[in-house]
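Please read it beside the sequence and the structure shown here.

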Amino acid sequence: MKTTIIERIEDKLYQNRYLVDTGRPHITVRPHLSPSPSLLALTKICPAKCYELNEIGQVAIVSDGCLECGTCRVLCEASGDIKWNYPRGGFGVLFKFG
């Protein structure tokens, strides 16, 4: 009998470590009254779930768990919805397996 093991993405993300650069996030969201379709899409497609709608309907980011994959940069940087920089040296995600 073959056993199937199902792994959740949260279990895999738990293996990564982060060195947070307090007070200097590497991603910021442009102030907005209502989010653009691209910003709304980030709440669904960010693999680390860094983007969410806040209580007043704006997209906010908590970049502490960011994987630095560039998904948000590709989708929103050209439009000016976000400002994205690499974290300072020594800060950001520390991948355990690679």
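**Salt bridges and overall architecture**

Arg30 counts as partly exposed, at 39% relative accessibility; buried means under 20% relative accessible area, exposed over 50%, and partly exposed in between (1.4 Å probe, protein chains only). The model is predicted, so that local features need pLDDT of at least 70 and side-chain atom pairs count only at pLDDT 80 or more, while totals for chains, interfaces and linings use all residues. Residues are numbered from 1 along each chain as its sequence is written, and side-chain values use heavy atoms, with hydrogens and water left out.

**Overall architecture**

- The chain has 3 helices and 6 strands, where helices (H or I, at least four residues) and strands (E, at least two) are DSSP runs numbered from the N terminus.
- The order of these elements from the N terminus on is α-β-β-α-β-β-α-β-β.
- The C-alpha trace spans about 55 × 35 × 25 Å along its principal axes.
- Of the 98 residues in the chain, 29% are buried.
- Among contacts between residues at least 6 apart in sequence, 65% join residues at least 24 apart; contact means heavy atoms within 4.5 Å.

**Salt bridges**

- The whole structure holds 3 salt bridges, each defined as a side-chain nitrogen of Lys or Arg within 4 Å of a carboxyl oxygen of Asp or Glu.
- Side chains of opposite charge can pair when their charged atoms come close.
- Asp81 forms a salt bridge with Arg30, and the closest N and O atoms are 2.3 Å apart. This pair links distant parts of the chain, with Asp81 in the loop between H3 and E5 and Arg30 in the loop between E2 and H2, 51 residues apart.
- Asp21 forms a salt bridge with Arg88, with 2.7 Å between the closest N and O atoms. Asp21 lies in the loop between E1 and E2 and Arg88 in the loop between E5 and E6, so the pair ties together parts that are 67 residues apart in sequence.
- In this pair, Asp21 is buried at a relative accessible area of 13%, and Arg88 is partly exposed at 39%.
- Arg73 and Glu77 meet through their side chains in a salt bridge (3.0 Å, N to O). Both residues lie in helix H3, 4 residues apart, which is about one turn of the helix.
- Arg73 is partly exposed at 32% relative accessibility, and Glu77 is partly exposed with a relative accessible area of 28%.

**Nonpolar core**

- A nonpolar core is a set of buried Ala, Val, Leu, Ile, Met, Phe, Trp, Tyr and Cys residues joined through side-chain atoms within 4.5 Å.
- The largest such core has 16 residues, and those with the most contacts inside it are Ile27, Leu39, Leu42, Cys50, Tyr51, Cys72 and Ile82. Strand E2 (27–29), helix H2 (37–45), helix H3 (71–77) and strand E5 (82–84) each supply at least two residues of this core.
- In soluble globular proteins, nonpolar side chains tend to be buried together.
- Leaving aside neighbours within four places in sequence, Leu39 is in contact with Val29, His32, Val59, Cys76, Asp81 and Ile82.

**Pocket and cavity**

- On a 1 Å grid over the protein atoms alone, a cavity is a set of points where a 1.4 Å probe fits but cannot get out, and a pocket is an open set with protein on both sides within 12 Å along at least five of seven lines; lining residues have an atom within 4 Å of a point.
- Grid points are joined across faces, edges and corners, and a volume is the space filled by probe spheres set on the points.
- The largest pocket contains about 210 Å³ of space.
- Its lining comprises 20 residues, of which Val20, Asp21, His26, Ser63 and Asp64 lie nearest the centre of the pocket.
- Strand E1 (17–19) and strand E6 (92–94) each supply at least two residues of this lining.
- The search finds 1 cavity of 30 Å³ or more, and the largest cavity holds about 80 Å³ of space.
- Residues lining the largest cavity include Ile27, Tyr51 and Cys72.

**Tyr86**

- Tyr86 is found in the loop between E5 and E6 and is exposed, with a relative accessible area of 59%.
- Not counting residues up to four places away in sequence, Tyr86 touches His26 and Arg73.
- The C-alpha atoms of Tyr86 and His26 are separated by 6.0 Å, although the residues are 60 apart along the chain.
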